[in-house]
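Please look over the sequence and the coordinates below before reading the notes. They are meant to be read alongside the structure.

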Amino acid sequence: MAFGVVTPVVTTFATAGTALAAPHHALVKGLKVFVIPKNLGNSYFTTADSVKTGGALLALKQLGEIGQETSGTTDTPSSQLPVIQADITKGANALIISGTDPSALCPTLDSAMKKGITVVTYDSDTNCRDLFINQATPQGIGAIEVDLIAKEIHDAGQIAIVSATIDDTNQNTWIRYMKQELKKYPKVKLVKIVYGNDDTATSVQVTQGLLSSYPNLKGIISPTTVGIAAAASVLDTPKYRGKVQLTGLGTPNEMKKYVADGTVQAFALWNPANLGYLAAYAAVELASHAITNAQGQSFVAGRLGKFTVGPDHTVLLGPPFVFNKSNINNFNF
Amino acid sequence: MTSPLAWADGQPGTAPSGSRRLVDLIFRARELGIIGVLAVFVAVAASVQPRFVDSQNIKFVFSNTVIFALLALGETLVVLARNYDLSVGSVLGLSAYLSAHLFSQVHGIPIAAVFLVGLAIGLGCGTVNGLIVAVARVPSLVVTLATLYIFRALDVLIIGGGMVVAASLPGGFLAIPTSSAGAVPYLAMVVAGVVALGAYYLRSFRSGRELYAIGSNPEAARLAGIPTGKRVFTAFVASGAIAGLAGVLWAAVYGTIDSTAGYGYELTVVAAVVVGGVNIFGGSGTVIGAALGALLLATINQALYVLGISSFWDKAIDGLLIVVAISLDHWITVRLTAALRKRSLQHAT
């Protein structure tokens, strides 16, 4: 990933311990900060958290904090909770969490906040935290996908959506905003929404079904990384390449081949490393009492620049990032 | 439960007799029955949505069938000998990832070498299953249920959160499933050829016939001098090897491989085998029937997607077909037993 060389930060823990009486707006060093993704071994979170990719742990290292990534092995509250409790016992100053459940973690997180531990959520919010780092707004995600497909099909023709499961909250919210954005393009008709269950083989079949039943289909939006890669593998033949356009949310590594051969022109996602990096800065700012979580508070997050706390104690990373032929090779996740 | 039809017919080296002709006829009728059901589904789907029978959609159906047809071939060998291989989906997943991963590890590795590696992984897994079943004499349902989890766990451990992406696979490899002559992919022809070979082996080779004998009555087969352990072991090794090869094909078809490849396939494969007329307690059935079963399930699946019917119905119809197939088998077995008994009484007099 194109984030340059990591500058080594030398922190002597003897001084770090005494640095608590920080001068005005200076950040406290030597804080114990635990980064807790939904589960370990998930490439999305590995990118968001690692030093190598420029994620949360890099920011913590540069700020002179003691950062560590911990979590369970499965994406469930029962797997994540014991880890959070252990981190609190280990004397955490701040927790950066992607919640496996909006409410199940709350009794534990509430007691942590009562003890003065800063709780910042990223990627997936919970009902109990000081600050949520939002990767993108649902409006932003819905709008960018419709704008991309409309441009590719020259503002006219039939489109369809390959979603994940029929009851997925995120997917349905995004689809709702897509329908809203579609009002800007009266000649673009959404003919069908199909569900691939975030399973490669099923997503391939539903895409095939679309192509067989709508021969005039001009474009497909798949707002899920599994769905877009599966749909791309179906369209990656001379019969469909360039004739049926595809966009949605994807990861650069999965989509590289299809962007290179012209099956896909552009797709969107946020940059997970930037998300983790921003979450780490926000957590350290809060834990150092340099800012509060009130709306209007602002801080500078290293390479990403200045951010302001918005309504509902959230910080927005920014508009979704659009990957295309010209930039996709700069990314590796 | 015993099914004497194949046992009566399974004596190696006997000349085609009246009973053999009768059994052959029944098998052929069974296969024709599947083709009939298939024709009805295609006709109904095509009358609602004529594009169901256009060449592109037929190509889709074939490409979705090949992997299941191959797995059904391996499963049939095992089921005929009254055993079950539930680990095929996990073997497929392991082979899909490890073989596809080679393309990025070994620069310029020939595609044939990758297929050999997939085959070897499958052979390895099949050998583990076969040894535990044949040597340690643990029931295969338990053994392969265990290896279903163990091979999948191994897969998850090796892959972690990673995946093989299409960009790391050579174009020639990804083109394997899509290149075709008209509506029929070359790959489907190759798989049809492999199934035909399997059918020939089971019909005409002594060791093939012995699988039927073992499935009809394991104890009698052993007393008759058939090396049952060796035959069952070989069936598991073959099933594993075929699943290994299917894994490499899975990688070529889908291009993106993570630790969920082939998840839950074992049940679809068993369904294809049963719908294809292979007796779930062994002893009767053909690989052509099993492959047709896979084709039937894939066709129904595709028809529902093309007609825009909820995929909930897909599983419900699969279930219905299984019940119908098993009831039909039972009915045929009872009738055939009676017919054969009557015939041998006639011969005796």
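The model is predicted, and β6(A), which spans residues 157-163, is mostly covered, with six of its seven residues buried. Chain B, for its part, contains 14 helices and two strands.

**Strand β6(A) and its partners**

- On one pairing, β6(A) runs parallel to β7(A), the strand at residues 188-195, and seven bridges connect the two.
- Within this pairing, A:S163 has A:Y195 of β7(A) as its bridge partner.
- Together with helix α7 of chain A, at residues 169-182, β6(A) and β7(A) form a β-α-β unit that is right-handed.
- β6(A) also pairs with β8(A), the strand at residues 217-222, in the parallel sense and over four bridges.
- Opposite A:A160 in that pairing stands A:I220, a residue of β8(A).

**Overall form of chain B**

- The radius of gyration of chain B is 21 Å, which agrees with a compact globule, because one of 349 residues would have a value near 20 Å.
- Along the principal axes, the C-alpha atoms of chain B fill a box of roughly 75 × 55 × 35 Å.

**Burial and contacts in chain B**

- Of the 349 residues in chain B, 53% are buried.
- When contacts in chain B are counted between residues at least 6 apart in sequence, 80% of them join residues that are at least 24 apart.

Notes:
Residues are numbered from 1 along each chain as its sequence is written. Chains are lettered from A and ligands numbered from 1 in the order in which they are written. This is a predicted model: local features need pLDDT of at least 70, side-chain atom pairs count only at pLDDT 80 or more; totals for chains, interfaces and linings use all residues. A residue is buried if 20 or more other C-beta atoms lie within 10 Å of its own, exposed if 12 or fewer, and partly exposed in between; C-beta atoms are placed from the backbone. Two strands pair if DSSP finds at least two bridges between them. A crossover is right-handed if, with the strands pointing away from the viewer, the path from the first strand over the helix to the second runs clockwise. The radius of gyration is taken over C-alpha atoms; the globule rule is 2.2 Å times the number of residues to the power 0.38. Two residues are in contact if their C-beta atoms, placed from the backbone, lie within 7 Å.
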